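Open the model in your viewer and keep the selection panel at hand.

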There are 2 protein chains.
Amino acid sequence: MRKVTIKDIAKQLNLSTSTVSRALRDSHEIGIETKRKVLELAEQLDYTPDPVALSLLNSHSNDIGVIVPDISNPFFAIVIAGIEDVAFAEGYHVVIYQSHDDYEREVLNVKHIYNRRKDGFLVAVATNTTDFSHFKNLHDKGFPIVFFDRIYEEIDTHKVAVDDYEGAYNATKHLIDQGCQRIVHISGPPHLLISKRRLQGYKTALLDHGLPHHEEYVWSTHFDSQQSIEVARELLKSAIKPDGIFAASDNIAIGCHAAITEAGLTMPKDIALIGFSDLPMAAMLNPPLSSVAQPAFEMGRSAAELLIKLIKKPNENTQSVTKTLKTNLVIRASSLRKR
Amino acid sequence: MRKVTIKDIAKQLNLSTSTVSRALRDSHEIGIETKRKVLELAEQLDYTPDPVALSLLNSHSNDIGVIVPDISNPFFAIVIAGIEDVAFAEGYHVVIYQSHDDYEREVLNVKHIYNRRKDGFLVAVATNTTDFSHFKNLHDKGFPIVFFDRIYEEIDTHKVAVDDYEGAYNATKHLIDQGCQRIVHISGPPHLLISKRRLQGYKTALLDHGLPHHEEYVWSTHFDSQQSIEVARELLKSAIKPDGIFAASDNIAIGCHAAITEAGLTMPKDIALIGFSDLPMAAMLNPPLSSVAQPAFEMGRSAAELLIKLIKKPNENTQSVTKTLKTNLVIRASSLRKR
DNA sequence: TTTATTTACGCAAACGTTTTCGGGAACGGT
DNA sequence: ACCGTTCCCGAAAACGTTTGCGTAAATAAA
């Protein structure tokens, strides 16, 4: 049972494929009666144009790609939901790629996207990517790319991120307001731009409020709770004895949360804890986790809108825009000492 | 800067495209010297065959699809990781589709998969799908399909699931062993096969151990923590006063966990709680959550292996197999009263 | 009636490959 | 010198679609 093609319709109606094609696209140079017959038969045979043939012909696919490190990270899952929201409405299908934070996989993903004639892609770059030529080459050819969250600044295209600096500043200030004196920051991978900016917000907040900044107060781990619980255990065993922790992500915060509980300490009395992103999970913890909320869904929407604009009119508005979204401090029991 | 094609190579070498094509595939009917020149130039020009053209020609794409309700559910994210693991090794690329538990979206996804000439797909069906003809039609055409987790029994193809009945039985028995008398089951959407089987395991365990089964002890909700926290609040306000809860998923259990804490009750003393799946999150809660572990990664691997077998040799082994994976009871503080 | 214009359709090329068929040249055997 | 192989390679069709161009018939303008 093969798929029905335009040829089948042509044959049955004693027409040429060109006529059928034109009739289906409602061309003015086709007789009204012929059109009717074609449309009718197409309907009856449940004809749908072959997207692969169209791809070959037009060099596009109506697919857009999105590369994220890991879909199991709820933050990215929500961003993708936002992307799908606008892409779907615009008639695009979004194809999800995981880099698993691995450079090689990311390169493979980019090649797949290009070879399969996707119309463009959105990407949050992998942790260990240091060579960006796979992006640069495509961008130089005019291929539409939008960076989000984990952005790379050196390529002149649209970017969407949150104000990491401000979010981190506010989180740290909040901890200071709660009377914390020894505030530790557990950062993500150090070379990531978002890590740097959050670290900077943390440092500046300390200095602005007359607290000293010790290098030993800055720890670092990956963005997942499995690994961060180990780091948190180390931290609690160390001589630092923090009374406040600002974690660079909710997953890291969740690891801290577990380690603190495990150590028999209580939040917020012994340690005030705050995370970053405000994942749905945060409110479910015991005690509920404070966090810097990121508009993840909105980030996805914005990024997709920019990409689609880039695809549809590549020539106008050649100015690339960098959209910075605002964060929102959500205070819950894990950090709230005073009222 | 167009992509380099076989024609470009042919032109530069004064050869026909057929010769170049054959040279690249190392055909024996091409002169050794010609081969060398072609390979060399192809290397130099960084030639890669166009997958779209190949798709059109061969009616396949080396892509396999996977349809899940929601990638933000860590269970599915892990299954997908398992799928990618074997698919990648076999040279397939996996394209992820989300149905968002919506029938219409699922139908659209299936169409996309078929139209784009994917080689086959794996699917965990959407909650509100009651009409399965979009699967049936394709299966009748010989299109490779494998069901996993949320399977549909009426179609004669490979299926991979866990022993839900046994897992539920063991969880319930464990609660009974801990001295629980009023054990409530919070089920997923009732018409889902996995919901039915888990419910059945729960019931049978009660009866086998001389506990009465009350219909009012069975509650139901969606498979996400947002909605289940509401249900759990209702439950705790009701007259039932459960001393044990078996939740049909970890997400549901997490909702219960939050609601129980919120109500000022403690686990496992007031209520012993156990979930299903043993998501990474379970161990991070306070107190840590007991759960029936599912081999999610292995489920993905098995399903992918079966699908690829189906794709590569559609004719041999026409017997469809149903693979049932074993669960594993993981007991943590949320349910452990005795030692 | 002749000429110009419109109407309605078909032919063929193009997108990038693979593959069937065929054929010229060189070579071996008689 | 002739025939049968073997070795290399090219022409063309096929996958499904769109579109520029050509053209016959019908209609309008002269």
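Two residues are in contact if their C-beta atoms, placed from the backbone, lie within 7 Å. Helices (H or I, at least four residues) and strands (E, at least two) are DSSP runs, numbered from the N terminus. This is a predicted model, in which local features need pLDDT of at least 70, side-chain atom pairs count only at pLDDT 80 or more, and totals for chains, interfaces and linings use all residues. Residues are numbered from 1 along each chain as its sequence is written, and chains are lettered from A and ligands numbered from 1 in the order in which they are written.

**Stop 1: H10 and H11 of chain B**

Select residues 225-237 (H10) and 250-262 (H11) of chain B; the two helix axes come within 7 Å and cross at roughly 50°. H10(B) is therefore oblique to H11(B) (angles under 35 degrees count as roughly parallel, over 145 as roughly antiparallel, 65 to 115 as roughly perpendicular and the rest as oblique). Axes here are lines fitted to C-alpha atoms, for helices over the stretch in contact, and angles run from 0 to 180 degrees between N-to-C directions.

Now show side chains. On H10(B), the residues that meet H11(B) include B:Ser225, B:Ile229 and B:Leu236; among their partners on H11(B) are B:Asn251, B:Cys256 and B:Ile260. Nine nonpolar, four polar and one charged residues make up this contact (Ala, Val, Leu, Ile, Met, Phe, Trp, Tyr, Cys and Pro count as nonpolar, Asp, Glu, Lys and Arg as charged, and the others, Gly among them, as polar).

**Stop 2: H5 and H12 of chain B**

Select 74-89 (H5) and 296-312 (H12) of chain B, whose axes come within 7 Å and cross at roughly 45°. H5(B) is thus oblique to H12(B). B:Phe75 and B:Asp85 are among the H5(B) residues in this contact, and B:Phe297 and B:Arg301 are among those of H12(B). The contact has 13 nonpolar, two polar and four charged residues.

**Stop 3: between the chains**

Show both chains. Which helix of chain A gives the largest share of the side that touches chain B? In total, 30 residues of chain A are in contact with 31 of chain B. The largest share on the chain A side, five residues, comes from H4(A). By class, that side has 16 nonpolar, 11 polar and three charged residues.

**Stop 4**

Chain A has 12 helices and 12 strands. Its C-alpha atoms fill a box of roughly 85 × 40 × 35 Å, taken along the principal axes.
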